[in-house]
Amino acid sequence: MTQACHRKCVPPFYKESELSKGECVCLDRCVAKYLEVHERMGKKLTELSLQDEELLKRMQQGTGSA
């Protein structure tokens with residue numbers, strides 16, 4: 001994330017020692033997008049994990065009663 005946002009928002013040759021307002025806004029948005037995707041992926045992986053656990057329980061119950 002750090003490298004990707006830096007590459008996207010900060011030019012390779014620095015003109016000043018401080019970030020410009022535009023660079024700061026770009027970095028803020030880039031990080032926000034990264035974190036949003038990270039959160040979505042976490043929720044989806046948790047959902048899939050719960051589905052897998054439920055399926056495994058059903059399979060174990062099915063083979064245990066047979």
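Buried here means under 20% relative accessible area, exposed means over 50%, and partly exposed is in between. With those cut-offs in hand, open the model, which is a predicted one, and go through the stops below.

**Stop 1: C5 and C30**

Select C5 and C30. A disulfide joins the two, with an S to S distance of 1.9 Å. This pair ties together distant parts of the chain: C5 sits in helix 1 (residues 2–9), C30 sits in helix 2, and 25 residues separate them. Look along the S-S bond: its torsion is about -85 degrees, so the disulfide is left-handed. C5 has a relative accessible area of 3% and is buried. C30 comes out at 13% relative accessibility, so C30 counts as buried.

**Stop 2: C9 and C26**

Next select C9 and C26, a disulfide with its sulfur atoms 2.0 Å apart. Here too distant parts of the chain are linked, C9 in helix 1 and C26 in helix 2, 17 residues apart. The link of C9 and C26 is left-handed, with -70 degrees about the S-S bond. C9 counts as buried at 8% relative accessibility, whereas C26 counts as partly exposed at 22%.

The structure holds two disulfides. Counting bonded cysteines along the chain, their pattern is 1-4, 2-3.

**Stop 3: C24**

Select C24 and show its sulfur. Which cysteine holds the closest sulfur to that of C24? The closest is in C9, at 9.8 Å, and that is too far for a bond, because a disulfide needs two cysteine sulfur atoms within 2.5 Å. C24 has 39% relative accessibility and counts as partly exposed.

**Stop 4**

How many salt bridges does a search of the whole structure find? The search finds three.

Begin with R40 and E36, where the closest N and O atoms of the salt bridge are 2.7 Å apart. R40 and E36 are four residues apart in helix 2 (residues 21–65), so about one helical turn separates them. R40 counts as exposed at 56% relative accessibility, and E36 as partly exposed at 39%.

Move to E39 and K43. Their salt bridge has its closest N and O atoms 3.3 Å apart. Both residues lie in helix 2 with a spacing of four residues, about one turn of the helix. E39 is partly exposed at 47% relative accessibility; K43, with a relative accessible area of 55%, is exposed.

Then select K44 and E47, a salt bridge with 3.4 Å between the closest N and O atoms. Both are in helix 2, three residues apart, about one turn of the helix.

**Stop 5: the largest pocket**

Select V10, P11, Y14, K15, E16, S17, E18, L19, S20 and E23, which line the largest pocket. The volume of this pocket is about 180 Å³. What classes of residue make up the lining? Four are nonpolar, two are polar and four are charged.

**Stop 6: residues 1–47**

Finally, colour residues 1–47. UniProt, in an unreviewed entry, lists this range as "domain: Tim10-like". Over residues 1–47 the chain is 74% helix and 0% strand. Draw a distance between the end C-alpha atoms of this range: they are 24 Å apart.

Notes: Residues are numbered from 1 along each chain as its sequence is written. This is a predicted model: local features need pLDDT of at least 70, side-chain atom pairs count only at pLDDT 80 or more; totals for chains, interfaces and linings use all residues. Side-chain values use heavy atoms; hydrogens and water are left out. On a 1 Å grid over the protein atoms alone, a cavity is a set of points where a 1.4 Å probe fits but cannot get out, and a pocket is an open set with protein on both sides within 12 Å along at least five of seven lines; lining residues have an atom within 4 Å of a point. Grid points are joined across faces, edges and corners, and a volume is the space filled by probe spheres set on the points. Ala, Val, Leu, Ile, Met, Phe, Trp, Tyr, Cys and Pro count as nonpolar, Asp, Glu, Lys and Arg as charged, and the others, Gly among them, as polar. UniProt positions are given in the numbering used here, feature names are shortened, and annotations may be inferred rather than shown by experiment. Helices (H or I, at least four residues) and strands (E, at least two) are DSSP runs, numbered from the N terminus. A salt bridge is a side-chain nitrogen of Lys or Arg within 4 Å of a carboxyl oxygen of Asp or Glu. Buried means under 20% relative accessible area, exposed over 50%, partly exposed in between (1.4 Å probe, protein chains only).
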